[in-house]
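Hi,

Here is the structure I promised to pass on.

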Amino acid sequence: MTLFALSKKHKAARVLPGFGITLGFTLTYLSLIVLIPLSALLFKTFSLTWEQFIEAVTGPRVMASYRLTFGASFLAASVNVVFGLLVAWVLVRYNFFGKKVVDALVDLPFALPTAVAGISLTALLAGNGWLGQYLEPMGIQLAFNPNGVVIALIFIGLPFVVRTVQPVLEDAEKELEEAATCLGATRWQTFARVIFPSIAPALLTGFAMAFARAIGEYGSVIFIAGNMPMVSEITPLIIISKLEQYDYAGATAVAVVMLVISFVLLLLINALQAWQRRFSGAAV
Amino acid sequence: MSGAVSLTVRRAQSGTTEPAWVRYTLIAVALLFMLLFFGLALGGCVCRGLAQRRCCLS
């Protein structure tokens, strides 16, 4: 059989028409919106020599900012997974006074300008703020240090987890819980072995989205972080500082490192999700 | 008869819902979290804004 005949047979086997044009449109759109800007970023770094690149991306201030950005983002996304699940559970399963207000409040960080979030949190947690004036005499400082960064990232990341888990919880089959109860499972066993495996992929997705958003967050963090070099400086701020000093190549070098680390982490999370899906598929 | 039916229904429901104290604790923790992170932050910002406006007007 010739190659032409094989290709013709393969084409004939497709049920849905328009694969070629939709694939072409998707690739063109993806290239225009994502790939071309990212490749421009890469090309800009080529103006640096290898030594200059290494020096730009491994300076002590830059390394400290990577640690803070990725550490705080991971911590905030982890906190959001726990409390996002709790808020989603409470909103889906229980009725209480003010439920609709809480439900609407969850979406607030999506709509609120990030600078407003930063100003609000700083006004609350600074030494003369509503909470800060009571916490600081006790030695608890939540603003102008890395704690403030984590708090701002929790604020902006929560809706990603809640809005990802909520529909999955709403669609969860009650019959499975009833069957587990009929088979003698306690409520905790039903949650751990029936409900949790079904919402785990959504939780992971929520974590990935909250984490990705937190890595790139700038507006809310700069107000509350204090921006002290080596202590509370995030990587996006380093990039902005380099741009303000007209060090475009240095800024793009740091941006490329951020891009690569974020991409690898998101790939790992996707692989984990795929493994989890296969694992739960095999368990069924 | 109806008492027996309602008892059966309650027993069946207790298998798929949490005990009341767990329910109230979960609601309280979720509301406290939302109050701390969203309610107070926005309330504080609005109050400060209004206070400054009063200062500016007087």
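This is a predicted model: local features need pLDDT of at least 70, side-chain atom pairs count only at pLDDT 80 or more; totals for chains, interfaces and linings use all residues.

Chain A has an average pLDDT of 87, and 94% of its residues score at least 70. Within that chain, confidence is highest in H4(A), at 95, and lowest in helix H1 (residues 3-12), where the mean is 54. I'd read anything about that H1 with this in mind.

Now the core. The largest nonpolar core has 59 residues, and Ala152(A) and Phe155(A) are the ones that touch the most other members. H9(A) gives the most, with 13 residues.

H9(A) deserves a look of its own. This helix runs over residues 146-171, 26 residues in total, and spans 38 Å from first C-alpha to last, close to the 38 Å expected at 1.5 Å a residue. Still, there is a bend of about 40 degrees at Gly157(A), with a proline, Pro159(A), following within four residues.

Gly157(A) turns up again from the side of H4. Ala76(A), which sits in helix H4 of chain A, touches Val150(A), Leu153(A), Ile154(A), Gly157(A) and Ala214(A), leaving out residues up to four places away in sequence. The C-alpha atoms of Ala76(A) and Ile154(A) are separated by 4.9 Å, though the two residues are 78 apart along the chain. Ala76(A) has 25 other C-beta atoms within 10 Å, so it is buried.

On to chain B, which has 58 residues, 14% of them buried. Its secondary structure amounts to 2 helices and 0 strands. The contact between the chains takes 25 residues from chain A and 19 from chain B. On the chain B side, H1 (2-16) and H2 (20-57) each supply at least two residues, and H2(B) gives the most, with 16. By class, that side of chain B has 13 nonpolar, 3 polar and 3 charged residues.

Phe144(A) has a positive phi, near 60 degrees, in a residue other than glycine, and lies in the loop between H8 (132-135) and H9. Met230(A) is not a glycine either, yet has a positive phi of about 75 degrees; you'll find Met230(A) in the loop between H12 and H13 (235-244).

Which of these two is buried and which is exposed? Phe144(A) counts as buried because there are 21 C-beta neighbours inside 10 Å. Met230(A) has 12 other C-beta atoms within 10 Å and is therefore exposed.

Cheers

Definitions and conventions:
Residues are numbered from 1 along each chain as its sequence is written. Chains are lettered from A and ligands numbered from 1 in the order in which they are written. The expected span of a helix is 1.5 Å times one less than its number of residues. The bend at a residue is the angle between axes fitted to the seven residues ending there and the seven starting there. Two residues are in contact if their C-beta atoms, placed from the backbone, lie within 7 Å. Ala, Val, Leu, Ile, Met, Phe, Trp, Tyr, Cys and Pro count as nonpolar, Asp, Glu, Lys and Arg as charged, and the others, Gly among them, as polar. A nonpolar core is a set of buried Ala, Val, Leu, Ile, Met, Phe, Trp, Tyr and Cys residues joined through C-beta atoms within 7 Å. A residue is buried if 20 or more other C-beta atoms lie within 10 Å of its own, exposed if 12 or fewer, and partly exposed in between; C-beta atoms are placed from the backbone. pLDDT is the predictor's confidence in each residue, from 0 to 100.
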